[in-house]
Amino acid sequence: MKIGNQYFDTENECYIMGILNVTPDSFSDGGMWNNMDKAKKHVADMIREGAAIIDVGGESTRPGHTQITIEEEIQRVVPVIRMIKENFDIPVSVDSYKSAVVEAALRAGADMVNDIWGFKYDKRVADLTAQYQVPCCLMHNRDNTEYKNFLEDMCRDLRDSVEIAKAAGVPDENIILDPGVGFGKTYEQNLRVINHLECLKDMGYPVLLATSRKSVIGRTLDLPADQRVEGTLVTTVMGVEKGASFVRVHDVKENRRAIQMTQAILKE
């Protein structure tokens, strides 16, 4: 898979997507990087520690978040995307589900679209992804937790997202799937999907696992967001074992080391 000017061996490797939240209210790092100098230093740190992609988000999607205006989201993400593209040689993903924001980000040089609604909130995002010929990550999401058969229904939901993408002209080789840990799922369902990532892998697309510091870890370990590194590492190790091609994380260095150790063991 090609993202930006770089190729990713999604069959044999697991890459780090480093999180850059330029928001005042994200659940674990709100306000830490919404200053350009701080954002630039954080990007440099994440690259040095092993990030292969930087994911820029301008709106918190934590449970109970307040949706901001399109204009405000654009004002947050576009300057940061430009700064990264001007100063670093690394692919940049835009974390948004709104077509106006995605279009502004792609114009600013974003190399990938990360849509937490899997193209179902605003289907023009699929058209833009096809038009700019960039990869996309389609995350599973729904506005309820009512499933007849959780894993089967989740995969069916994701297949619907894939169909939206393909109908818009996005080729298979530009599609990544994300099980959406923490979105439209109960605590038990979040644990179950982490343990059964192979059901997504069996759909034939690279899988991205995004569990970093999330509430499923906090609830399991009874820890606040800034103390969930070890729990995140366990999910990353399991992700590698289950064939995930990407993990989206806050703590790049620790997760990179966990991936390297896991891969070394699995190769023997």
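# Close-up views of a predicted model

**View 1. Two bridges join β9 to strand β10 (residues 246–249), and the two run parallel.** Strands pair if DSSP finds at least two bridges between them. Helices (H or I, at least four residues) and strands (E, at least two) are DSSP runs, numbered from the N terminus. L209 stands opposite V247 in β10. This is a predicted model: local features need pLDDT of at least 70, side-chain atom pairs count only at pLDDT 80 or more, and totals for chains, interfaces and linings use all residues. Residues are numbered from 1 along each chain as its sequence is written, and side-chain values use heavy atoms, with hydrogens and water left out.

**View 2. Eight strands form an open sheet with parallel pairing.** The order is β8-β7-β6-β5-β4-β3-β10-β9. At the edges are β8 (175–178) and β9 (208–209), each pairing on one side only. Strands of a sheet pair through backbone hydrogen bonds, either parallel or antiparallel.

**View 3. β4 is largely enclosed by the rest of the structure, because seven of its seven residues are buried.** Buried means under 20% relative accessible area, exposed over 50%, and partly exposed in between (1.4 Å probe, protein chains only). β3 and β4 pair in the parallel sense over six bridges. G18 has I54 of β4 as its bridge partner. β4 and β5 are also parallel, paired over four bridges. There, I54 has V92 of β5 as its bridge partner.

**View 4. Helices α2 and α5 lie across strands of the sheet.** Helix α2 (residues 70–87) lies across β3 (15–21), β4 (51–57) and β5 (92–95). It runs at about 155 degrees to β4. Helix α5 (residues 150–168) lies across β7 (136–139) and β8. Its angle to β8 is about 155 degrees. Axes are lines fitted to C-alpha atoms, for helices over the stretch in contact, and angles run from 0 to 180 degrees between N-to-C directions. Contact means heavy atoms within 4.5 Å.

**View 5. α4 packs its buried residues against α3 (99–107), β6, β7 and α5.** The buried residues in α4 are V125, A126, L128, T129 and A130. Q133 follows α4 and has a positive phi, near 55 degrees.

**View 6. F119 and D222 have positive phi values, and neither is a glycine.** Most residues other than glycine have a negative phi. The phi of F119 is about 70 degrees. F119 is found in the loop between β6 (112–115) and α4 (124–131). It counts as buried because its relative accessibility is 0%. For D222, phi is near 55 degrees. D222 is in the loop between α8 (215–221) and α9 (229–241). With a relative accessible area of 67%, D222 is exposed.

**View 7. A search of the whole structure finds one cavity of 30 Å³ or more.** On a 1 Å grid over the protein atoms alone, a cavity is a set of points where a 1.4 Å probe fits but cannot get out. Grid points are joined across faces, edges and corners, and a volume is the space filled by probe spheres set on the points. The largest cavity holds about 30 Å³ of space. Its lining is E59, T61, E73, D95, S96 and Y97, where lining residues have an atom within 4 Å of a point. One of the lining residues is nonpolar, two are polar and three are charged. Ala, Val, Leu, Ile, Met, Phe, Trp, Tyr, Cys and Pro count as nonpolar, Asp, Glu, Lys and Arg as charged, and the others, Gly among them, as polar.

Methods. On a 1 Å grid over the protein atoms alone, a cavity is a set of points where a 1.4 Å probe fits but cannot get out, and a pocket is an open set with protein on both sides within 12 Å along at least five of seven lines; lining residues have an atom within 4 Å of a point.
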